[in-house]
Amino acid sequence: MTKAFGKLAAVEARLFLREPAAVFFVIVLPVGLLLALGGTIPGFRDADPSLGGQRFVDAPFTGMMILLSIVTLALSALPSALVLYRERGVLRRMSTTPVRPGSLLSAQLLVNVAVSVVATALTLIVGHLAFGVPLPKAPWAFAMVFVLGSVAMLALGLLLAAVAPNSRVVQGAGAALMFPLLFLAGMWLPRPLMPEVLLRISDFTPTGAFGQGLVDALGGHAPQPLHLAVLAGWALAAGLAAARLFRWQ
Amino acid sequence: MAIITVDHLRKTYGTRVAVEDVSFSVEEGEVFGIVGRNGAGKTTTVECVAGLRTPTSGTVTVDADLKEQVGVQLQECSLPDKIRVGEALALYASFYSRPADWRALAEEAGLDLRAPFAKLSGGQRQRLSVALALVGSPRVAILDELTTGLDPRARRETWDLVARIRDRGVTVLLVTHFMEEVERLCDRVAVISRGRVRAVDTPAGLVARAGGEQRLVFHTGEPVDGLRALPEVTSVVVTADGDDAEVTVTGTTDLLSAVTAVLPPARMRDLRMERTTLDDAFLVLTGQEES
């Protein structure tokens, strides 16, 4: 059984790497944006008093690129793959073998977690080497935010896969969710510049809490308890709903 | 000893009755066909046997471990586009405690291990699907509509593969609506129509039930009255006369040898033999009004 799980995870990993779009949006784009914008936009690399003296390319921008990678993975790559498996009868076919289709789900999640770890590490290392972005100053806080946030986002992806009737819908819905969620996280309008109302809304979204938590931990601050609670809440709610609603066929 | 026993199986979805009342048993080592038109309840029946659906009432007994020893090829089941033949086979082989040699299976099915699923033809996909059903060295293989949509050549290649499975002693439960497939592969057949079994018999037995008549039609200048006395002959009809009479002799099995013993083939012209086919038998047994 463990041999089967190892095989499943290995095949899922290879299939992920064979999807150029997934690799591009999850790994190449965030790292590329960090390099391109960090290297060209004047002011990104100047110390900013309104950011407590750190540069925009440090925690604020690097944090957003890590968020972008995980959100794309969780709301696009993961649900698309799972809905396709259901659509093609792969999960149903697997239920006639000694291995339960739940193993395929676990293998997918494992691969997604591994990919998000790699994408995050790559973003941190590239930022560090290219622009001297400091590595997380509060590593344990960073790890906690990373785990909670990733679990919350992947649970949302599972919920999306559970309720979407087919791959066309899951792709559309994934994109439709991703843009407002990234906006609320401060991808285009950084949170410190948001009006009060927007900021309060952002605090309670999974991406807003995740993004701010990453930025805080990267910059050496303790993440706000509110944000950790929001992430745990989303993880629990989306995870339970996905488990209830997921259809194997 | 029956390896599969289906006893008064009934399956409904809400108010729709998919299977009304189906009973049959499959002996170890035979190729057992389930034939019927689309919507007759064939797939629901075998999916109940495979454990994918729970019967509404009635029982299904399979004398084998459902997961380990029953290999299944489902209708409308495919794989991710980018998975390679070898990866899929190795993966499914890892699911079982005593897997078959998947490389040998691929070779037998004529599949290139490096080919991605998306690049496979319809026939290759079906053969991969059969190979995946066999990769756990099952005692029973359930194959659902495995040649639907294939061209004649691909169909023949798939049949050859099934024949080789049978030769290994694997019991095969085969769902089909092709009579030619039944004739080539099946030892026995259950004919299902509107959720009920209409007959369970060998293909030849089904033909016999539907009349099983043979007809010889030929032209001759010889007298044919003597044929009427033969025990195998039920009627002789002569149309036209003189040197070029067309004669139709109707009778039972062995009609040809009985007739040619009296009237040498050299004296006949344009000899042809017509017989009840399995197609005819199927139409008679299921009633033609359904089509």
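Modeller: Before we start, a rule: two strands count as paired if DSSP finds at least two bridges between them. Helices (H or I, at least four residues) and strands (E, at least two) are DSSP runs, numbered from the N terminus. This is a predicted model, where local features need pLDDT of at least 70 and side-chain atom pairs count only at pLDDT 80 or more, while totals for chains, interfaces and linings use all residues. Residues are numbered from 1 along each chain as its sequence is written, and chains are lettered from A and ligands numbered from 1 in the order in which they are written.

Biologist: Good. In what sense do strands 11 and 12 of chain B pair, and over how many bridges?

Modeller: Antiparallel, over six bridges; strand 12 covers residues 245–251.

Biologist: What is the strand order in the whole sheet?

Modeller: It runs 11-12-10-13 in chain B, as an open, antiparallel sheet of four strands. Strand 11 (233–239) and strand 13 (268–275) stand at the edges with a single partner strand each, so one side of each has no neighbour in the sheet. The average twist is 15° from one strand to the next.

Biologist: Which strands does helix 9 of chain B lie across?

Modeller: Strands 10, 11, 12 and 13 of chain B. Helix 9 covers residues 255–262 and runs at about 30° to strand 10 (214–220). For such angles, axes are lines fitted to C-alpha atoms (for helices, over the stretch in contact), and angles run from 0 to 180 degrees between N-to-C directions.

Biologist: Stepping back, what domains does chain B have?

Modeller: Domain 1 (2–208) and domain 2 (213–275). The bounds come from an automatic or database domain assignment. The C-alpha centres of the two domains lie 43 Å apart.

Biologist: Now the interface. How many residues of chain B are in contact with chain A?

Modeller: 19, against 18 residues of chain A. Contact means that the C-beta atoms, placed from the backbone, lie within 7 Å. Helix 2 (66–69) and helix 3 (85–93) of chain B each supply at least two residues of that side. Helix 3 of chain B gives the largest share, three residues.

Biologist: What's the make-up by class on the chain B side?

Modeller: 12 nonpolar, two polar and five charged. Nonpolar means Ala, Val, Leu, Ile, Met, Phe, Trp, Tyr, Cys and Pro; charged means Asp, Glu, Lys and Arg; the others, Gly among them, are polar.

Biologist: Over to chain A. At what angle do helices 6 and 9 cross?

Modeller: Roughly 160°, with the axes of helix 6 (residues 139–163) and helix 9 (residues 206–218) coming within 9 Å. Helix 6 and helix 9 of chain A are therefore roughly antiparallel. Angles under 35 degrees count as roughly parallel, over 145 as roughly antiparallel, 65 to 115 as roughly perpendicular and the rest as oblique.

Biologist: Left-handed or right-handed?

Modeller: Helix 6 of chain A passes helix 9 of chain A in a left-handed crossing. That label applies if the near helix is turned anticlockwise from the far one by less than a right angle; clockwise is right-handed. The contact includes Phe142(A) and Met153(A) of helix 6 and Phe210(A) and Leu214(A) of helix 9. By class, this contact has 11 nonpolar, two polar and no charged residues.

Biologist: How does helix 3 of chain A pack on helix 6?

Modeller: Helix 3 (residues 57–87) packs at about 35°, with the axes 8 Å apart. This crossing is right-handed. Among the residues that meet are Ile70(A) and Leu78(A) in helix 3, and Gly157(A) and Leu160(A) in helix 6. The contact divides into 13 nonpolar, three polar and no charged residues.

Biologist: And at what angle does helix 5 of chain A pack on helix 6?

Modeller: About 135°, with the axes 11 Å apart; helix 5 covers residues 101–131. Helix 5 and helix 6 of chain A are therefore oblique to each other. Their contact has four nonpolar, four polar and no charged residues.

Note on methods:
Two residues are in contact if their C-beta atoms, placed from the backbone, lie within 7 Å.
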